[in-house]
Every structure is written in C-alpha cells, then in structure tokens.
Amino acid sequence: MTAGTAARSAVTAPAAMGVLGAAALVAGSMIGSGVYLLPASLASIGSISILGWLAATGAALALAAMFAWLAAIAPDAEGLAGYVQVGLGRFFGVQATVVYWACNWVGTVAVALAAAGYAGFLIPALAAPAPRLFTTLAVIWLGVTASWIGPRVVARVEGVTLFAGLAPILLVAVAGWFWFDPGLFARGWNPSGAEPFAAVRSSALTAFWAFLGLECAAAVAGVVRDPARNVPRATMVGVLSAATLYIAACTVLMGLLPAAELARSSAPFSDATRAILGIGGAGLIAVCAFLRAGGCATGWVLVTAETTREAADQDAFLPAFKSRPGEPASAVNLLTTGGLMSLVAVLTSTPTLGAQFARLANVAVILSLMVYVLAAFSLLRLRGRFRTSGLRAGATATAIVAVACAIALIASASAVELAWACAPPLAAAVLYMRLRRR
C-alpha cells in the first residue's frame, strides 16, 4: 500500500526528478536492515552463494521491469494489490492484499530478529535462544507502541536510524577488502557438498530477501522527467546499485571469517569488524545495526497495520479493521499485527539464529513472489492498453520472464516453507467468500 500512497502524493508535484535522483530513491528503498543477517544464513551453503546473489539480482531486475510497465499502464493503482486488481479483478485483489499482509508480518519478525542478534553481540547474555526470543518480542512490541502513539513517532525513528544503518554495510564492503583472504573464501566455497545448481537455487531464494520492496520504484513515476523512458532506467540502476553493495559486503565477509564461524554468528558484520578494527569498532557497528534494524521493524509494524486498515476501508478486508474517527493508528490492526508477529517469532524459534532468519526470510520471499506472479499476470491482461505492437510485445516478454524467475525461486523452497506460504492464499479465499456474501 505504501507505493500507492506515494504515487498519489507524487502526482501533484512538478516532474523534476532525473534518472540519478530516481535511481537513488530506488536503491534507498531496498538498502535497509535486510542484509544484516543474510551472510550468516548463507554461510551454511558456502561462498558459492555469491552465484545465488547474481541469480537473485537477475530476478529482481526482471520483476522491477515488470513494475515499470505496470506503472506506465496503471498509474492510479494503489500499491501491489491495486496493480493486481486492476487487471485480474477483486478476487485476486483480495488474494494480493492478504498475502502481502502476511509477507509483511513474517518479514518484520525477521527484521526484529536481526535487531535481537546485534543486541546479543552487545550484551552476550541476550545471545542464547530464550533471551533472543524475548528481545525479538520486545522489539516487535516497542514498534507496536511507537505506531500506536502515532505515525510521526515512527517517521522520527526511521529518520534517526536510516543513515546509521548504512555504516556497517559500507565499512565492510569498502574497507574489508584490505583484509580479504582469497584462500579462506575458496575453502568455504561449498562446505556442505551440495550439488552446485541446488546450492545456487537455495541461496538465491534467501538472497532475494534483500530485494523485497523493489515494487516501490514504480511509485516515483509522477515526479520523474519523461517517466516512460527514465523510470525503467532508474529502476535498473537502483537495483544494480543495491546488488553491488550487497554482493561486495557478503563476498568480503566470506573472506574474513570461516564459513562455520560465520554461520554461527548472530552479528556477522560486527564479528567481521572485530577482525579489522577490534572490539571497539565492532561494538559501534553493532549499535548502528541494532538501531537500524529496530527502526526498520518499527516502520514495518505500522505499514503492516495500515495495509489491513486501508484494505478494510475499501471493503477488501474484515470490517472490524476499518478506520475509526479520531484515531491516529488503529488499535485493532496494531494489536492483531503484534500478536501474529509474536506467534511467528515463537513458532519459528531455533537454537541457531541464522537458521531461524533464513526460514522467516524464505517464507516472506515466497509470499512476496506469489503477489509478483499475480502482478505479472495482471500485466499480461492489461498489455492491450499499449498503443503499439512493440510496446505490447515488450510488456508480454517482461511479464513472462518475471513469472519464470518468480516460479524458479519459489520452486527452490523447502516443503515446510511452502506449507507455511500456502496458508495466506487459503485464508484469502475464505475472506473473499465472506466479503462477497456481505
């Protein structure tokens, strides 16, 4: 829903943003807390996961191109669900709403877990499974509390933590090369002995977590000069910029720490920085990562709650979740969001932080990819709106490639992850029948 909100506010502004400005906005929407625990989750696969990063980047570029086409053909659509509904109808619009909502609250637990991991580095007593779970729950409910006070508090938390969050990634991605050990990187290439293609597929699914949010790129079309030409270019540049930073940082980490040590780490960037700058520098990086992950979790708590409130206001969700006069944030939506996130945090708790993060990230990615597939089919239904056969052919090819990439990533998931991801679409079908009777 955030993309649609941004688009509605953007159409009244002068179209003054160029390619570079739009590309910076695209990259900034993806570079958040997602990468903080990915190296630990990918370390069990090995440094071969760098190939998975490349595969995930290719899929992200295909999906970003699809949303660029949708932005051009459906500029008034309200976010992901809007893009789906305009082409496929209300049933699939409800499906997209519920699945995207579930993706948000599963993914937010992963972000809160990242904050807990870095808290465990700062205070070792919090690193054990039980204290880590309580820390994760505390981050979630602090986010609920901040959102309940009001959106302005959330905006201030986001603003304060945004720039601090880039420090760990930039430091390792740039300075870490001076300490990079090619031999260590090579020894950790494929420690599990998995078949190479399977290892790449599995790591690509987890790595794609870092690209969630790329759909927000289409929202800037209203303030970009010559959007038909510049929005697709800016989207590609933004995705490639974020991918370059991610791949550089993860590659360096796998040449600084042994694969087994990295897989056990609850704060991979801090552990790597300790090898470079000592415990003082590592502690500072942990503080930066904790602040950004906590701020990001707070923002996504509000986004998740507002997703259902906006949908209910449009009669696409349960009436109990509708807005009530005079409330800055919906208590029903926030309490439901916090409760579901807490349940997921408890049910997915594992002794190893990296394993829990990978499970949460993979389920969130699968749910997001489900909505992306629906958006691609919506583009296929809408392609007739383009005036020329060349544009129609381009939109068709992009949608087909996007569907193929999404299905390939989904197919690499485990049976347990797919089972988790099947629950929201089934719930959405039940919800649609109830809404239809009303």
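Which residues does Thr298 touch, not counting residues up to four places away in sequence? Thr298 touches Gly143, Ala146, Ser147, Val154 and Val157. The model is a predicted one, and the points below are grouped by topic.

**Helices H6 and H13**

- Helix H6 covers residues 90–122 and helix H13 residues 268–313; their axes come within 7 Å and cross at roughly 155 degrees.
- This angle makes H6 roughly antiparallel to H13, because a crossing over 145 degrees falls in that category.
- The crossing of the helices H6 and H13 is left-handed.
- Sorted by class, the residues in the contact of H6 with H13 are 26 nonpolar, 9 polar and 2 charged.

**Buried positions in the two helices**

- Thr298 is located in helix H13.
- With a relative accessible area of 7%, Thr298 is buried, since the limit for that class is under 20%.
- Gly107 belongs to helix H6 and counts as buried, at 7% relative accessibility.
- Leaving aside residues up to four places away in sequence, Gly107 touches Trp209 and Ala364.
- Gly107 and Leu367 are 260 residues apart along the chain, and a distance of 9.8 Å separates their C-alpha atoms.

**Aromatic pairs**

- The structure contains 19 aromatic pairs.
- One of them joins Phe91 and Tyr432: the ring centres are 5.0 Å apart and the planes stand at 90 degrees, so the pair is edge-to-face.
- This pair links distant parts of the chain, with Phe91 in helix H6 and Tyr432 in helix H17 (residues 415–437), 341 residues apart.
- Phe91 is partly exposed, its relative accessible area being 29%, whereas Tyr432 is buried at 15%.
- Phe211 and Tyr246 also form an edge-to-face aromatic pair, with 6.1 Å from centre to centre and 90 degrees between the planes.
- Phe211 lies in the loop between helix H10 (196–207) and helix H11 (227–254), while Tyr246 is in helix H11; the pair therefore ties together parts that are 35 residues apart in sequence.
- Both Phe211 and Tyr246 are buried.
- Phe211 and Tyr246 belong to a cluster, linked by ring pairs, that also includes Trp53 and Phe208.

Methods. Residues are numbered from 1 along each chain as its sequence is written. This is a predicted model: local features need pLDDT of at least 70, side-chain atom pairs count only at pLDDT 80 or more; totals for chains, interfaces and linings use all residues. Side-chain values use heavy atoms; hydrogens and water are left out. Axes are lines fitted to C-alpha atoms, for helices over the stretch in contact, and angles run from 0 to 180 degrees between N-to-C directions. Helices (H or I, at least four residues) and strands (E, at least two) are DSSP runs, numbered from the N terminus. Angles under 35 degrees count as roughly parallel, over 145 as roughly antiparallel, 65 to 115 as roughly perpendicular and the rest as oblique. A crossing is left-handed if the near helix is turned anticlockwise from the far one by less than a right angle, and right-handed if clockwise. Ala, Val, Leu, Ile, Met, Phe, Trp, Tyr, Cys and Pro count as nonpolar, Asp, Glu, Lys and Arg as charged, and the others, Gly among them, as polar. Buried means under 20% relative accessible area, exposed over 50%, partly exposed in between (1.4 Å probe, protein chains only). Contact means heavy atoms within 4.5 Å. Rings of Phe, Tyr and Trp (its six-membered ring) pair if their centres lie within 6.5 Å; planes under 30 degrees apart count as stacked, over 60 as edge-to-face and the rest as tilted.
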